[in-house]
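Take a moment with the sequence and the fold before reading on.

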Amino acid sequence: MRIDQWLWAVRVFKTRNQAAEAIRVGRVKVDAHPCKPAHEVRSGETVTVHYWEHDRVFRACGAPSTRVAAKHVAEFTTELTPPRPPRPERLPADRWQ
């Protein structure tokens, strides 16, 4: 299965077009290497998707025949994303006065 189809099928992106665009601009890497939308995903590959300020990391466990329900995503992917660091607390507005 193509990487753009896989990202759409396992619900990383809402549309296949969004997945393909993210791949084209370099936000998606397979095993730490840039790829093209036509890259064939194989079991065991690590897929990294860069979002605004963080990355999500997945291990491909299979390729569904079509888009899967959210409760079945775990059959085809394993989430390897490290936990995000806590956000710094904001100071109350009255503290600046």
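Start at Arg24, which sits in helix H2. The model is a predicted one. Is Arg24 buried or exposed? Arg24 has a relative accessible area of 53%. The cut-off for exposed is over 50%, so Arg24 counts as exposed. Now look across to His50. Arg24 and His50 are 26 residues apart along the chain. Their C-alpha atoms are separated by 13 Å.

Step back to the whole chain. Its secondary structure consists of 2 helices and 5 strands. Which order do they follow? Read from the N terminus, the order is α-α-β-β-β-β-β. The radius of gyration is 16 Å, while the globule rule gives 13 Å for 97 residues, so the chain is more spread out than a compact globule. Along the principal axes, the C-alpha atoms fill a box of roughly 60 × 30 × 25 Å.

Next, the surface. The accessible surface of the chain is about 6,900 Å². Carbon and sulfur atoms account for 53% of that surface. Of the 97 residues, 31% are buried. The chain carries 17 positive and 11 negative side chains. The centres of these two sets lie 4 Å apart.

Now go inside. In soluble globular proteins, nonpolar side chains tend to be buried together. Here the largest nonpolar core holds 20 residues. Which of them touch the most other members? They are Ile3, Trp6, Leu7, Val28, Val47 and Val49. Five elements are listed as giving two or more residues to this core: helix H1 (3–9), helix H2 (16–24), strand E1 (28–30), strand E3 (46–50) and strand E4 (55–60).

What does Val47 touch, leaving out residues up to four places away in sequence? Its partners include Ile3, Trp6 and Leu7. Val28, Lys29 and Val30 are also among them. Among contacts with a separation of 6 or more, 40% join residues 24 or more positions apart.

Gly62 lies in the loop between E4 and strand E5 (77–79). Gly62 is buried, with a relative accessible area of 16%. It falls below the 20% cut-off for buried. Beyond residues up to four places away in sequence, Gly62 touches Trp6, Ser43 and Phe76. Gly62 and Ser43 are 19 residues apart along the chain, yet their C-alpha atoms are separated by 5.3 Å.

Two backbone angles deserve a look. Most residues other than glycine have a negative phi. Arg11 has a positive phi of about 65 degrees, although it is not a glycine. Where is Arg11 placed? Arg11 is in the loop between H1 and H2. It is partly exposed, with a relative accessible area of 39%.

Ala32 also has a positive phi, near 65 degrees, in a residue other than glycine. Ala32 is in the loop between E1 and strand E2 (33–34). Its relative accessible area is 61%, so Ala32 is exposed.

Definitions and conventions. Residues are numbered from 1 along each chain as its sequence is written. This is a predicted model: local features need pLDDT of at least 70, side-chain atom pairs count only at pLDDT 80 or more; totals for chains, interfaces and linings use all residues. Side-chain values use heavy atoms; hydrogens and water are left out. Helices (H or I, at least four residues) and strands (E, at least two) are DSSP runs, numbered from the N terminus. The radius of gyration is taken over C-alpha atoms; the globule rule is 2.2 Å times the number of residues to the power 0.38. Buried means under 20% relative accessible area, exposed over 50%, partly exposed in between (1.4 Å probe, protein chains only). Contact means heavy atoms within 4.5 Å. Accessible areas come from the Shrake-Rupley method with a 1.4 Å probe; for residues, only the protein chains shown count as cover. Lys and Arg count as positive and Asp and Glu as negative; His and the chain ends are not counted. The place of a charge is taken as NZ of Lys, CZ of Arg, CG of Asp or CD of Glu. A nonpolar core is a set of buried Ala, Val, Leu, Ile, Met, Phe, Trp, Tyr and Cys residues joined through side-chain atoms within 4.5 Å.
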